[in-house]
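Thank you all for making the time this morning. I would like to walk through one model with you, beginning with a helix and its packing and then turning to the core and the surface.

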Amino acid sequence: MRDRVALNIQELRRARGLSQEELAHRADVSRGHMGKVENAKFAASLDLLERIAKALNVDPEELFAKR
């Protein structure tokens with residue numbers, strides 16, 4: 001599940017033309033922390049996933065979708 005969320009965040013971020021740093025800023029988290037989430041090195045909290053989804057302008061369930 002962690003890998004799926006990480007890949008979905010990366011895909012959605014890239015589709016929107018955002019850098020990892022810009023997404024981190026919009027989600028109010030450090031770029032390093034965002035990198036760990038995107039590389040499945042860190043399990044993000046539901047609160048953080050909600051902020052990331054908002055920053056990406058998607059429903060949070062999109063972060064868990066099979067692609």
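This is a predicted model: local features need pLDDT of at least 70, side-chain atom pairs count only at pLDDT 80 or more; totals for chains, interfaces and linings use all residues.

Let me begin with α1, where the buried residues are Val-5, Ala-6, Asn-8, Ile-9, Gln-10, Leu-12 and Arg-13; buried here means under 20% relative accessible area, exposed means over 50%, and partly exposed lies in between, with a 1.4 Å probe and protein chains only. Helices are DSSP runs of H or I with at least four residues, numbered from the N terminus. Residues are numbered from 1 along each chain as its sequence is written, and side-chain values use heavy atoms, with hydrogens and water left out.

The buried residues of α1 pack against α2 (20-26), α3 (31-38) and α4 (46-56). One of them, Gln-10, counts as buried because its relative accessibility is 13%, and, leaving aside neighbours within four places in sequence, Gln-10 is in contact (heavy atoms within 4.5 Å) with Glu-38 and Asn-39. After α1 comes Gly-17, whose phi is positive, near 70 degrees.

**The core**

What does the largest nonpolar core contain? It has 18 residues, and those with the most contacts inside it are Ile-9, Leu-23, Met-34, Ile-52, Leu-56 and Leu-63; such a core is a set of buried Ala, Val, Leu, Ile, Met, Phe, Trp, Tyr and Cys residues joined through side-chain atoms within 4.5 Å. The elements giving two or more residues to this core are α1, α2, α3 and α4, and the largest share, six residues, comes from α4. If we look at Leu-56 and again leave aside its neighbours within four places in sequence, we find contacts with Ile-9, Leu-12, Arg-13, Arg-16, Leu-18, Leu-23 and Leu-63.

**The surface**

Together with Met-1 and Leu-46, Phe-64 makes a nonpolar surface patch of about 350 Å².

Finally, Glu-22, whose place is in helix α2, is partly exposed, with a relative accessible area of 30%. Glu-22 and Arg-67 are 45 residues apart in sequence and 24 Å apart in space, C-alpha to C-alpha.

Conventions:
Patches are made of residues with over 30% relative accessible area and no salt bridge: like charges are joined within 9 Å, nonpolar side chains (Val, Leu, Ile, Met, Phe, Trp, Tyr) within 5 Å. Accessible areas come from the Shrake-Rupley method with a 1.4 Å probe; for residues, only the protein chains shown count as cover. A salt bridge is a side-chain nitrogen of Lys or Arg within 4 Å of a carboxyl oxygen of Asp or Glu.
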